[in-house]
Amino acid sequence: MAEADSDRDVRRRYGSIPVEWIAEGDSTISFDVAPHFPEPRDASRRDIPSTTRLSALLAAPPALQSMTDGAVADGEDSLYVPTGAGAAATTPPTVSGRVLHFRVAPESIHPEYLAGWLNSDDGRSSLASALDRAGSGSIIRAVRSDPRSLWRLADELVVPVRPLPAQRDFANALLALRRVENLVQEARADLWTGEQQADLVAGPFDSLLDQSLERWTASLPYPFATALWTLTSRNGVDARHRQIFHTWESYAAFMATVLLSALRQDGDLADVEAPVLRRALVGAGLSLERPTFGTWNAVIQRLASRFRSMLEGEAEERIRVCNLFGGPRAGVLAAVLNPNCVQLLAEVNSRRNLWLGHSGATSEAALQTQIDYLTNALEELRALVGEAWTRMPLVRAGRASRRRGELTQEVEVVMGTNVPFRPGSIRVGEIMEEGELYIATDGCTRPLPLSHLIVLRSSPSSERHACYFFNRAEGDSVRLVSYQMTISGEIYEPRAEYDADLAWLLTP
């Protein structure tokens, strides 16, 4: 006992949450919980929250109160857990019986996040186990109302704790779902009144049930969204067959451009990775001078793996890589870099080489089979990526202003297929160059400037913008191609305007 590390034992039981404990007298008591709990999981993994005891998250002693009129007062940062029927909530419940009242420390836990977790299957199971361990009685185990018993209950309840920004995201998501539940209940009540036709009552929910590729375009960056929209508007088999390959290539080119742009943000990382990437491309007979689907795919495979390893590393590395991509949350970036997405692109590239490399004539039925396969693959991509790109949006920079030390910049949100682009403003740590494309989230330290491998050009006959992808360098010019429905499918521009942006990629 004399050599026991009490601080170590406290950290083992309560994690990194600050815990104040007082030892009375001259003796020191050390407790060892290791034999009763499995080894702690790797806290560096982004998808596994750390855990602590509820007792370490409280700002005041817990209380057990009766739900008589006026007995339970509404309090700030409070959590109410009925001991009988009813759900945990941040406002006093209306059910009868007794309720556990916890006042949490807002700097450690968001009350709505904690209430939501307690109402989940895991939360209910953990609370039941804590009540059993903290209770007394041989026939019916119950928790007494004295402070010591209530503190023991709070100490027996193990709670998953995410970073506060993630907790706020959970709380906002739970609030949105609660609103939807209320709308559904109201619609169900309206349905049986007979005042409106059934289809009119259910109509507002149609968009929630729409899982089509057309609807997905609204949450995608414009360069890919317009190619996908063009695909959905094609009717003939030949036209759809050509466009679906263009659609996949647009996503591969966009992903590769984002990854290369992020790599360029970090000089030290680029010095290491760029030569390795060039050697890998040369070894595969590929070149960024004349990029193909295979070129973009090779770039994605190499760099996505590198960035994922950083994302799965220590906290400092996670922050570093998120800042390279314009400040998204780690979970959002993880969805974009999902290895299953990378594998899906590799499989599509393999099929493309097999199908388009075949010089013989192909029947319409065979073309339709290929279209069906690639369409199903797009559905799989949608299931994997979802709406992650809306959390790391593509924007075009406008004017910037500074007020009281805070830098704000006007932007056009280059997402979906609708133009003119939706205007907005975001807070940034660095001024973006006006007119250029960036990946940037509100409040980001450093927006990610998108390489000129992708550019926007105005259509001369309308307000619509055409997106062009770098296709090859030819002497003093560069060739750019578009994968959307536009007047000109390709344009040539002076190479001198691209040298500063492309030289580090193209020159050994």
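## Helix H5

H5 contains 30 residues and reaches 44 Å from its first C-alpha to its last, close to the 44 Å expected at 1.5 Å a residue (the expected span is 1.5 Å times one less than the number of residues). Helices here are DSSP runs of H or I with at least four residues, and strands are runs of E with at least two, numbered from the N terminus. Just after H5, Gly 194 has a positive phi of about 75 degrees.

The model is predicted: local features need pLDDT of at least 70, side-chain atom pairs count only at pLDDT 80 or more, and totals for chains, interfaces and linings use all residues. Residues are numbered from 1 along each chain as its sequence is written, and side-chain values use heavy atoms, with hydrogens and water left out.

## Buried residues of H5

Gln 167, Ala 171 and Ala 187 are the buried residues of H5 (under 20% relative accessible area, 1.4 Å probe, protein chains only). These buried residues pack against H2, strand E5 (158-161) and helix H6 (198-202).

## H2 against H5

Helix H2 (residues 111-118) packs on helix H5 (residues 164-193) at an angle of about 65 degrees, with the axes 8 Å apart. Axes are lines fitted to C-alpha atoms over the stretch in contact, and angles run from 0 to 180 degrees between N-to-C directions.

Glu 112, Tyr 113 and Gly 116 of H2 make the contact with Gln 167, Phe 170, Ala 171, Leu 174 and Arg 178 of H5 (contact: heavy atoms within 4.5 Å).

Technical notes: Buried < 20%, exposed > 50% of the residue type's maximum accessible area, 1.4 Å probe, protein only.
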